[in-house]
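I opened my notebook to look at how two chains meet and how one of them folds. Here is what I looked up, entry by entry.

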Number of protein chains: 2
Amino acid sequence: MSVDLLVQKIKEKGNPSVAGLDPKIEYVPEYIRKKAYAEYGQNLKGATEAIWEFNKGLIDALYDVVPAVKPQSAFYEMYGLCGEEVMHRTISYAKEKGLYIILDVKRNDIGSTAEAYSKAYLGKVDIDGVECEPCPVDCVTVNPYLGTDGIQPFVNDCKTFDKAIFALVKTSNPSSGELQDLLVGDEHIYEKVAQCVNKWNEETIGKSGYGAVGAVVGATYPEQAKVLRKLMPKSYFLVPGYGAQGGGAEGVKPCFNEDGLGAIVNSSRGIMCAYKKGDWKEEQFAEAARAEAIRMKNDLTSVL
Amino acid sequence: MSVDLLVQKIKEKGNPSVAGLDPKIEYVPEYIRKKAYAEYGQNLKGATEAIWEFNKGLIDALYDVVPAVKPQSAFYEMYGLCGEEVMHRTISYAKEKGLYIILDVKRNDIGSTAEAYSKAYLGKVDIDGVECEPCPVDCVTVNPYLGTDGIQPFVNDCKTFDKAIFALVKTSNPSSGELQDLLVGDEHIYEKVAQCVNKWNEETIGKSGYGAVGAVVGATYPEQAKVLRKLMPKSYFLVPGYGAQGGGAEGVKPCFNEDGLGAIVNSSRGIMCAYKKGDWKEEQFAEAARAEAIRMKNDLTSVL
């Protein structure tokens with residue numbers, strides 16, 4: 001199961017964190033933007049070529065520090081076909097550098113359509129007998145609102161192709177509670193979803209002791225994380241909300257198991273925009289990102 | 001509000017249905033596939049050029065019968081960048097033919113990321129002062145699991161750019177009940193979500209009497225549809241599950257209001273693969289699709 005690969009990379013780097021690649025154009029240093037606009041025009045193409053330069057610099061500076069990167073699909077779809085193309089380019093480049101790829105797409109649909117999404121990112125597409133891999137990554141995020149038959153196609157591909165998924169359980173945003181915290185009897189919806197995740201995960205446990213079906217659990221809700229850790233002991237947690245969204249290392253501690261494993265903490269803006277804090281120059285964006293990634297690694301490992 | 005445009009187009013055609021464009025390669029007639037493979041190769045490019053020919057034929061045959069088309073993003077993402085490109089081409093072509101475009105993407109994320117998704121499809125992207133429209137459609141589907149701050153960016157763009165959304169409430173698949181039917185007090189989760197949809201919709205009511213925030217309500221659950229119709233009186237329903245998934249015209253009737261409006265019923269496989277039933281030849285796929293779309297229109301209007 002692919003989560004074994006993630007665990008291996010986390011152990012190699014001694015770092016349970018993932019760098020989010022959410023490249024809003026305003027995150028990109030001005031000198032890169034200007035150069036790209038001059039060469040490609042101030043349009044979708046120019047913006048995405050600037051993003052590519054930025055991403056490449058970040059990956060070059062981070063690949064020996066972090067085990068994984070998490071491109072957020074929204075920030076590539078936002079630039080249309082040019083954005084999609086740069087997302088594919090970024091994924092290929094990060095893979096060449098040995099990074100584990102978590103593609104944050106939060107896809108969800110009914111059975112046969114979920115199967116199509118799964119084939120797009122985890123599996124293979126059959127073109128009258130010829131197999132193709134449209135956009136191969138190690139792992140995607142999924143939304144569980146449609147129940148088991150919207151998730152099973154992904155689980156099947158996890159088993160066949162050695163991949164992994166993270167299902168939304170308790171998200172990091174302020175209004176996550178509107179639905180996720182509703183009480184069904186004496187259990188919250190997020191606990192109900194956690195029970196589903198645990199069940200889906202059962203049949204996928206790998207050598208690391210963790211299965212292929214993980215959970216998204218926001219760093220902003222440490223109390224809920226404690227409960228969820230117990231409900232899904234063999235699921236990896238993908239933890240957004242560290243740093244920029246307010247959660248610190250103590251806040252994410254409940255997401256880890258006693259073995260110091262079981263969670264990977266995301267930072268996007270904190271790493272990407274590190275150069276905007278302190279005395280860094282724009283040209284030092286990659287160096288600043290690396291320094292922040294190392295600081296975050298030390299912060300996280302200090303509490304484990 | 002953009003749902004006024006949908007209502008206008010439904011009235012013009014006298015047809016409350018939408019043709020789903022979910023082009024699995026096996027739906028495409030063999031002669032089109034063979035020709036495309038010969039010209040472009042039996043690969044992602046060949047498959048998507050075959051899909052383009054198929055889509056174009058379907059749109060040409062349907063544009064004066066149906067008010068809207070609904071491309072399902074999964075079946076384009078499944079063919080990688082080539083698939084994305086053909087999805088954009090299909091959207092542009094359908095728009096030229098005067099069709100209302102519902103892009104079925106079921107996107108969802110936290111605030112700033114939801115904003116990026118909304119800009120991608122409903123709004124505009126600001127590139128240092130230059131505005132671009134990456135993939136403009138009339139309407140997208142969204143998943144409500146993250147609560148209000150995951151939906152509000154879409155609602156804002158609906159208001160600014162005269163667009164619409166459909167939020168998942170009660171989906172048509174067999175396991176939709178696992179989460180959606182859980183009881184919170186004496187109300188089901190789908191009723192709770194319906195109350196949210198009704199609230200989000202309130203500030204967007206247009207001249208037609210309907211707002212920009214609609215709901216996905218599966219044709220396979222008519223009893224629940226009755227309840228939901230009352231909870232969201234001013235929301236349009238997007239109704240999957242007619243035909244191929246088992247729901248008939250009587251089954252979808254509860255999704256409509258007394259005024260004969262309030263719902264648009266989707267058929268994908270039923271229309272796209274109509275040529276596979278009866279005495280049609282492959283080459284008549286477009287004629288068969290048109291005949292099925294007309295039969296469906298008559299079936300639906302007979303019960304209203």
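Entry 1. I counted six salt bridges between chain B and chain A, each being a side-chain nitrogen of Lys or Arg within 4 Å of a carboxyl oxygen of Asp or Glu. In one salt bridge, the side chains of Asp109(A) and Lys106(B) meet at 2.8 Å, N to O.

Before going on, I noted that this is a predicted model, where local features need pLDDT of at least 70 and side-chain atom pairs count only at pLDDT 80 or more, while totals for chains, interfaces and linings use all residues. Residues are numbered from 1 along each chain as its sequence is written, chains are lettered from A and ligands numbered from 1 in the order in which they are written, and side-chain values use heavy atoms, leaving out hydrogens and water.

Entry 2. How many residues does the contact take from chain B and from chain A? I found 72 residues from chain B and 71 residues from chain A, with contact meaning heavy atoms within 4.5 Å.

Entry 3. Next I looked up the fold of chain A. I found a closed barrel of eight strands, β1-β2-β3-β6-β7-β10-β11-β12 (chain A), with parallel pairing. Strands are DSSP runs of E, at least two residues, numbered from the N terminus, and two of them pair if DSSP finds at least two bridges between them.

Entry 4. I then picked β7 (residues 164-170) and β10 (residues 213-217) of chain A, which pair in the parallel sense over five bridges. Phe166(A) has Gly214(A) in β10(A) as its bridge partner.

Key:
Helix = DSSP H or I, 4+ residues; strand = E, 2+ residues; numbered from the N terminus.
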